[in-house]
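Thanks for coming, everyone. Please look at the model on the screen while I talk. I will go through helices first, then some loops.

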Amino acid sequence: MSAERHAVVTAISAAAADAGIVLDPQQRLLVDRLAVLVPEGRRRTRRSSGPRGLYVHGSAGRGKTWLADAFYNVSPVPRKTRIHFHSFFEELQRRVHEHRHDPHSLRLGMDDVLGNSELLYFDELHVHDSGDARLLIRLLEYVLARRITVLATSNYAPDDLLPNPIWHHLFEPGITLIKNHFDVHHLNGQTDYRTSPRGDSVGFAAGTWITVPPSGRVSETTQTVGLTVRGRRFEVHSERDGCLQASFAHLCDAPVSTIEYLTWAQMYPRWTITDVPTFDVADEEAQQRFINLVDILVDEDIAVTFTSPHSLPDFCAAATASRPDAFRMTSRLRLIRSTP
């Protein structure tokens, strides 16, 4: 192993020790594989061979994002970009709109988002929408043409992306690009570390799930205030002192998009989400919005207080019974404390 790669392995191991994390054998294997992404000596030339990226997949809570973040932080590559699924597509669509009068608007939008990056870290890659599938294929073609090193994490093996059998064929070209040009590494740990006891927590992990009887719930008739995002108005319970308080109905039953969630996550470091129902009584669109919202709140590291007439274990059980793809959300919710 070169000195550059050894230094990365040492730095990640030190970061784990500082965080009180003991890496298991599967995680140590991934650390070694991440180090291979570090260029040896000078930057890769166009004649270089071998995979130009790494696609890491595995069950929720196994440490993929923590290890990838640690690698990204210590990587000696000077020009690098970290993107998350939801924020990337929101930003790309905004940039493309700015270039809408140019026939090359999509390429120009990608230029704006990625700049002159040599390393692209794409966290939580997943595909459930046919439109996102087409954009992701174009992104893969773009980064391969520019010879950008790619690190991607996902809960899905490449062949399992866009799992809906009606639409799966639309992403098969993307799957082929991933398998042909990236190494695919399965983090095959058996422990969901989000269920492990933790000490003091910050950000999303400092949140709480409070089971509130119906008599103690915030009434839907409570006075509301309006928030405006890009000309659209949305009702919430309140927003003051850096805290946004809104009900599940406000955030998920209403036609709220990831654009609004991202905007509010950047404005309010604390959230309270009230009256969270179980998924068996929520429609599919509301379910998907809540899954997207939890993704964004975790990625933005927002401290959230959830209140619900249902306990967190009951909510998670109903969610996974209603939606096979809810496993990532339920694993993330296990980061927070729950009270009866």
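One definition before we start: helices are DSSP runs of H or I with at least four residues, strands are DSSP runs of E with at least two, and both are numbered from the N terminus. This is a predicted model, so to speak of a local feature I need pLDDT of at least 70, side-chain atom pairs count only at pLDDT 80 or more, and totals for chains, interfaces and linings use all residues. Residues are numbered from 1 along each chain as its sequence is written, and side-chain values use heavy atoms, with hydrogens and water left out.

Helix packing comes now. Two packed helices are described by the angle between their axes and the distance between the axes. Axes here are lines fitted to C-alpha atoms, for helices over the stretch in contact, and angles run from 0 to 180 degrees between N-to-C directions.

Helix 1 is residues 3-18 and helix 2 is residues 25-35. Their axes come within 9 Å and cross at roughly 140°. The crossing of helix 1 past helix 2 is right-handed. Who makes the contact? From helix 1, Arg5, Val8, Val9 and Ile12; from helix 2, Val31, Asp32 and Ala35. Contact means heavy atoms within 4.5 Å.

Next, helix 9, residues 258-267. Helix 9 has two partners to show you. With helix 10, the axes come within 10 Å and cross at roughly 30°. So helix 9 runs roughly parallel to helix 10. The cut-offs: under 35 degrees is roughly parallel, over 145 roughly antiparallel, 65 to 115 roughly perpendicular, and the rest oblique. This crossing is right-handed too. Thr258, Tyr261, Leu262 and Ala265 of helix 9 touch Arg289, Asn292, Leu293 and Ile296 of helix 10.

The other partner is helix 4. Its axis and that of helix 9 come within 10 Å and cross at roughly 105°. That makes the pair roughly perpendicular. Here His86, Ser87 and Glu90 in helix 4 meet Thr258, Ile259 and Leu262 in helix 9.

Now burial. Buried means under 20% relative accessible area, exposed means over 50%, and partly exposed is in between, with a 1.4 Å probe and protein chains only.

Take helix 3, residues 64-74. Its buried residues are Lys64, Thr65, Leu67, Ala68, Ala70, Phe71 and Tyr72. They pack against helix 1, helix 2 and strands 1, 2, 3 and 4.

Then helix 5, residues 105-114. Ser105, Leu106, Gly109, Met110, Val113 and Leu114 are buried. Why do they line one face? What covers them includes strand 2, helix 4, strand 3 and helix 6. After helix 5 comes Gly115, with a positive phi near 55°.

Most residues other than glycine have a negative phi, and most peptide bonds are trans. Asp241 is not a glycine, yet its phi is positive, about 55°. Asp241 sits in the loop between strand 9 (238-240) and strand 10 (243-247). Is it buried or exposed? Asp241 is exposed, at 68% relative accessibility.

Asp275 also has a positive phi, near 55°. Its loop joins strand 11 (270-274) and helix 10 (284-299). Asp275 is buried, at 10% relative accessible area. Its side chain makes a polar contact with the side chain of Thr274, at 3.4 Å. A polar contact is a pair of N or O atoms within 3.5 Å; within protein, one must be able to donate a hydrogen and the other to accept it, and sequence neighbours count only if both atoms are side-chain atoms.

His128 is in the loop between strand 3 and helix 6. His128 is partly exposed, at 30%. Its C-alpha lies 4.9 Å from that of Leu162, 34 residues apart along the chain.

Ile302 is in the loop between helix 10 and strand 12 (303-308). Ile302 is buried, at 4% relative accessible area. Its C-alpha is 4.8 Å from that of Phe204, 98 residues apart along the chain.

Key
A crossing is left-handed if the near helix is turned anticlockwise from the far one by less than a right angle, and right-handed if clockwise.
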